Amino acid sequence: MTDAVKPPKKPRGKARLLENKCIACGARCQSACPVDAIQMNDAGEPIIDASRCIGCVKCVKVCPVQAIEMAFTPEELRILQELAASSAGAELSEEDAEEAALKKKLAAYSGVWVFVEQTEGEAAKVSWELLGKGKELAQARKCPLCAVVMGEGVEKLCDQAFGYGAEKVYLMDAPVLRHYRTEAYQKSLCALVEKYKPEVILMGATGLGRDLAGVVATVLATGLTADCTGLSIDDKGNLMQTRPAFGGNIMATIVCDKFRPQMSTVRPHVMPMPEFDPQAKGEIVREPVPVVEEQVLVKVLDILMDGGGSKVDIAGAEFIVSGGRGMMAKENFAMLQELADVLGGVVGASRSAVDAGWMPPDRQVGQTGKTVRPKVYIACGISGAIQHLVGMQDSDVVIAINRDAEAPIFEVASYGIVGDLFKIIPALTNKLRALKAARSKA
C-alpha cells in the first residue's frame, strides 16, 4: 500500500519594491513587518531583506500606492500554476455563483441622478455643473439622466434642470421641505432611491450636500466618495471617483463595485458649467413626501444670513490674483488688490498666506479652501504644492510669477514669469491701466 502523495505547499514568495512607485508615506511597511525585514533609507523608501522576509504580505497590504509586490522564483511559479489548475474547478463554481448573484443585484439599479440643491427657490450652481458631468456618465452607461428637486414652490427648477441636460425630474414639493432639515430630506430622498433604484447619485460638496450625502449613504448602506475632482465610467460600468488623498500628495481613484447606488460629492467649480438650452423639455415625476411636519424634531425658527454682503466669493470670480508665502508680509497684498481692481477681479491666497494671517480664510484657494475656475488666475509668490493646485488647476489661463524657476506652479501655468514679483506686479498693473485708459479714449 503506497502512501498518498501530499500536494506541494503553496509558496509565499518574497516582498519586492517596485521602482519609482514609493511615495515615502512614513515607513508604514516597516512598522507592519513582523520580522524586521524592512529598513528605510534616507529618502524614506524601504530596503527589503529578502533573506528575512517570510511572505506574510502585511507590507503589501499596508502600502497605500501598491509599491510593494510579492516576487516568486520560476519553481514557485510552477507550483502555483499546478495548485491553481487542480483547484480551478471548485473555485470557479463558487466564484460563478457569487458573480451571478452580484450581477443580479447590481442590474436592478439604473440611471444617473443629480440632487438639485436650492435655497429659497434659488438653485446652487454646482447642481447645474453636475448635470453637465452627469450627462457624460449617463451616455457612457446608456441610461437616463435625472434630477431630484425638493422644496416648496420649486417646480420652476424643473424647467431649468431640463435646460441643463436632465431628461426626467423627480419633484417633491411640500411645506415640510421648504427649509433644509436633515431628517426630512433624508427620508424623502431615501424613499425615492428605494423606489426607483438609481445607480449613481451626485451632490454638491457644499454644507448641505455633505450633510445630506453622508446620512443618505449611511441609511442606504452604500459607499460615498467626498470632494471628487474627476468622475468617469470604467469598462465594467462602475463609477471611477477620483479625489485627493493623503493630504493631497496623491490622487486616489475609488470604486464602489459591490453596492448601489454609487454616491459622490463634488466641489463647486470643479466641473464645467454646461450650456443652457431653453427649448429642452422632459418628464416631471411628482412624488408624495413621505414625512409630515410632526415627525420632524428640528424646527426652523429664524434664518440669519451671514456676511452682510461684505464677504467676497472668490469661487465665482472670473479674475483672481492670488498671493502666497512669497508675498513676505500682509501689507504687500495691497499691490495684489491694485492689480485685481484693474482686472475687475478679486484677491485670493494660498494656505500658507492664510495661516500667516495675511488674508482671511474665505480667500483661501486649494484643497482645504475654495475650488476656483476663473478665466485668469495669477499666482504670485506661490510655489504650487499639490494641495493648492487641486483648487485652481482648471482655470482657463494660469499666469505664475515666482523667482524660483523650478517651482511646481510653472508645470500647470499657461504663462510663467521668473523674477522679482515686487517689480513685476506694479509694472503689470501700470501697463494694464495704460491700456484701459487708451481703450476708453478710443
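This is a predicted model: local features need pLDDT of at least 70, side-chain atom pairs count only at pLDDT 80 or more; totals for chains, interfaces and linings use all residues.
The protein chain has 442 residues, and buried residues make up 42% of them. Its secondary structure comprises eleven helices and 21 strands. The C-alpha trace spans about 110 × 60 × 40 Å along its principal axes. Of the contacts in the chain with a separation of 6 or more, 64% are between residues 24 or more positions apart. The chain exposes about 23800 Å², and 53% of this area is supplied by carbon and sulfur atoms.

Strand β15 covers residues 262–266 and is mostly covered, with five of its five residues buried. The side on which each residue lies was also assigned: Q262, S264 and V266 point one way from β15, whereas M263 and T265 point the other way. Residues on both sides of the strand are buried. Strand β15 is paired with β10 (residues 200–204) through five bridges, and the two strands run parallel. Within this pairing, M203 has T265 of β15 as its bridge partner. Strand β15 is also paired with β11 (residues 224–228), in this case through three bridges and again in parallel. Here C228 has V266 of β15 as its bridge partner.

Residue E199 is located in the loop between α6 (182–196) and β10. The relative accessibility of E199 is 4%, so this residue counts as buried, the cut-off being under 20%. Apart from neighbours within four places in sequence, the contacts of E199 include Y109, S110 and G111, together with R141 and C143.

Helix α8 spans residues 333–343, and its buried residues are F333, M335, L336, L339, A340 and V342. An α-helix has 3.6 residues a turn, so residues three or four places apart point the same way. The elements that cover the buried residues of α8 include the strands β17 (319–323), β18 (346–349) and β19 (376–380). The helices α9 (351–355) and α11 (421–441) are also among the covering elements.

Residue L343 also lies in α8. Not counting residues up to four places away in sequence, L343 touches F319, V321, I378 and L432. Residues L343 and D227 are 116 residues apart in sequence, and their C-alpha atoms are 30 Å apart in space. Just after α8, G344 takes a positive phi of about 75 degrees.

Residue G132 is found in helix α4, which spans residues 125–141. With a relative accessible area of 18%, G132 is buried, because this value is under the 20% cut-off. Leaving aside neighbours within four places in sequence, G132 is in contact with Y164 and P274. Residues G132 and Y164 are 32 residues apart along the chain, and their C-alpha atoms are separated by 6.8 Å.

The model contains two cavities of 30 Å³ or more. The largest cavity has a volume of about 110 Å³. Its lining consists of 17 residues, and those nearest the centre of the cavity are C22, C25, C29, P46 and C63. By class, this lining has 15 nonpolar residues, one polar residue and one charged residue. The second largest cavity has a volume of about 90 Å³. Its lining consists of 14 residues, with A15, C33, C53, C56 and C59 nearest the centre. In this lining, 13 residues are nonpolar, one is polar and none is charged.

How values were computed
Residues are numbered from 1 along each chain as its sequence is written. Side-chain values use heavy atoms; hydrogens and water are left out. On a 1 Å grid over the protein atoms alone, a cavity is a set of points where a 1.4 Å probe fits but cannot get out, and a pocket is an open set with protein on both sides within 12 Å along at least five of seven lines; lining residues have an atom within 4 Å of a point. Grid points are joined across faces, edges and corners, and a volume is the space filled by probe spheres set on the points. Ala, Val, Leu, Ile, Met, Phe, Trp, Tyr, Cys and Pro count as nonpolar, Asp, Glu, Lys and Arg as charged, and the others, Gly among them, as polar. Helices (H or I, at least four residues) and strands (E, at least two) are DSSP runs, numbered from the N terminus. Buried means under 20% relative accessible area, exposed over 50%, partly exposed in between (1.4 Å probe, protein chains only). Contact means heavy atoms within 4.5 Å. Accessible areas come from the Shrake-Rupley method with a 1.4 Å probe; for residues, only the protein chains shown count as cover. Two strands pair if DSSP finds at least two bridges between them.
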